[in-house]
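These are my notebook entries on a single structure, written down in the order in which I looked things up.

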Amino acid sequence: ESHSFRSELLSSLNLLIPGILVNFLMAIVVIAGLAFFIIPGFIFSIWFFFAMYAVLLDQKRGADALRFSHNLVRGHSWQILWLILSSNFIILILLTIAQSIIRFIFTFLAQSTSVSALSIGLSFLGGAITFAFSFFVAPLLIAIPTILYYELKKLKNQ
C-alpha cells in the first residue's frame, strides 16, 4: 500500500509544473484583460475557469489547457458564471448561518456557566464544531465545478 501511495505522490508531482504554468498563464491573461477596462479580464476569467481542471483531470498542458477550458465554456459563459456563483453563494450563506447559530449557542452556554474551565471548554467545542462545518463543506465547493466540468465535457463530446 505504501508503494501505491508513493507512486500516486510521484504522479501528482508531475502535474505540479504544468499546474503552476497554467496558473501563471491565466494570471497574465486575466490581469491583461483587467487592464483593458475590467470587462475583458472578467470574461477571460470565465473562459479559463476550467483550465486547472483540464490539467488535473485530462493532463492538458499550458496554452492547451486554456484553449480546452475556453472551448468548454464557449456558448455557456453566463450559465456557468451563474451556476458557480449561485451555488457557492448558497453554500457559503448556509455555512455562515449554521456557524453563527452554533457560535451563538456555545457562547451563550459559556457565558452562563460560572466555572471558567467549563466556559473555556464550551468555547473551544463551539469553535471546533464551526471549523468542522467548514471542513465538510469544502468538498462541495470543489465538487460543484468538477461536476460541471465533466458535464460540459459530455455536452461538448470531448
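Is K153 buried or exposed? I found that K153 counts as buried, at 11% relative accessibility, where buried means under 20% relative accessible area, exposed over 50% and partly exposed in between, with a 1.4 Å probe and protein chains only.

Before going further I noted the basis of these entries: this is a predicted model, in which local features need pLDDT of at least 70 and side-chain atom pairs count only at pLDDT 80 or more, whereas totals for chains, interfaces and linings use all residues. Residues are numbered from 1 along each chain as its sequence is written, and side-chain values use heavy atoms, with hydrogens and water left out.

Entry on salt bridges. I searched the whole structure for salt bridges and found 2, taking a salt bridge as a side-chain nitrogen of Lys or Arg within 4 Å of a carboxyl oxygen of Asp or Glu. K153 takes part in one with D58, and the closest N and O atoms of this pair are 2.8 Å apart. D58 lies in helix α4 (residues 51-58) and K153 in helix α7 (residues 116-156), so the pair ties together parts that are 95 residues apart in sequence; helices here are DSSP runs of H or I with at least four residues, numbered from the N terminus.

I then turned to the salt bridge between the side chains of E151 and K154, for which the N to O distance is 3.1 Å. These two residues, E151 and K154, are 3 residues apart in helix α7 and are thus separated by about one helical turn. I recorded E151 as partly exposed, with a relative accessible area of 40%, and K154 as exposed, with 55%.

Staying in helix α7, I looked up L152, which counts as buried at 5% relative accessibility. The C-alpha atoms of L152 and F133 are 29 Å apart in space, and the two residues are 19 apart in sequence.

Entry on α4 and α5. Two packed helices are described by the angle between their axes and the distance between the axes. For α4 and helix α5 (residues 62-73) I noted that the axes come within 7 Å and cross at roughly 110°, the axes being lines fitted to C-alpha atoms over the stretch in contact, with angles running from 0 to 180 degrees between N-to-C directions. The two helices, α4 and α5, are therefore roughly perpendicular to each other, a label that covers angles of 65 to 115 degrees. I also recorded that α4 passes α5 in a right-handed crossing, meaning that the near helix is turned clockwise from the far one by less than a right angle.

In the loop between α4 and α5 I came to Q59, which has a positive phi of about 55° although it is not a glycine. Most residues other than glycine have a negative phi. Q59 is partly exposed, with a relative accessible area of 48%.

Which residues form a nonpolar patch on the surface? I listed F89, I90, I93, L94, I97, I101, F104, I105, F108 and L109, with about 1,000 Å² of accessible area together. Such patches are made of residues with over 30% relative accessible area and no salt bridge, nonpolar side chains (Val, Leu, Ile, Met, Phe, Trp, Tyr) being joined within 5 Å and like charges within 9 Å, while the areas come from the Shrake-Rupley method with a 1.4 Å probe.

I noted 9.8 Å between the C-alpha atoms of F106 and I129, which are 23 residues apart along the chain. Last, I looked up L83 in helix α6, which is partly exposed at 41%, and whose C-alpha is 40 Å from that of G121, 38 residues apart in sequence.

Methods
Angles under 35 degrees count as roughly parallel, over 145 as roughly antiparallel, 65 to 115 as roughly perpendicular and the rest as oblique.
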